[in-house]
Amino acid sequence: MKIICGVDSSDECTRALELAVRLGFPAPSFELVNVIERLSPFVYGEFSAGTDSVNEVLQTQQSLGREALENGRKVLKRLFVEPGDMDMPLVSSMREGFIANELSALAEERRADLIAIGNSGLGRI
């Protein structure tokens, strides 16, 4: 069972991971993914791509994404209590784009059986 988990630092994300584990699929493999939403010129007004301000925003988003992935790993380790349970494959990645599109594309690429996401995370889906 391949499970794609969209992660951010929200409580909803943690609950989605917990539910995915509680479903109890035999031999699951999890892929944690954090999607950085594309920067919109309308949001950043006069900033243009490549400027220090835009680069700072992107670096902050990447840092928050890495923290969310690490938190997701910790949540999964906490949920798998038995010593051998965390021997399952666990992959993590970051993508850039529109959250729903990126999660859907990744699920197709990986031929995933399930996408686990919170119902109201920090993103706009």
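I began with H4, which lies across E1, E2, E3 and E4, contact being heavy atoms within 4.5 Å. H4 runs at about 150° to E2. Axes here are lines fitted to C-alpha atoms, for helices over the stretch in contact, with angles from 0 to 180 degrees between N-to-C directions. Helices (H or I, at least four residues) and strands (E, at least two) are DSSP runs numbered from the N terminus.

I noted the source: this is a predicted model, where local features need pLDDT of at least 70, side-chain atom pairs count only at pLDDT 80 or more, and totals for chains, interfaces and linings use all residues. Residues are numbered from 1 along each chain as its sequence is written, and side-chain values use heavy atoms, leaving out hydrogens and water.

Next, the sheet. I found an open sheet of four strands, ordered E3-E2-E1-E4, with parallel pairing; two strands pair if DSSP finds at least two bridges between them. Strand E3 (90-96) and E4 are the edge strands, each pairing on one side only. The twist averages 25° from one strand to the next. I then checked E1 (residues 2-6) against E2 (residues 29-36): five bridges join them. Isoleucine 3 has phenylalanine 30 as its bridge partner in E2.

Back to H4 (residues 99-110), where I looked up alanine 100. Alanine 100 counts as partly exposed because its relative accessibility is 39% (buried is under 20%, exposed over 50%, partly exposed in between; 1.4 Å probe, protein chains only). Alanine 100 sits 94 residues from glycine 6 in sequence, yet 9.5 Å away in space, C-alpha to C-alpha.

Last, arginine 111, in the loop between H4 and strand E4 (114-116). Its phi is near 55°, a positive value in a residue other than glycine. Arginine 111 is exposed, at 70% relative accessible area.
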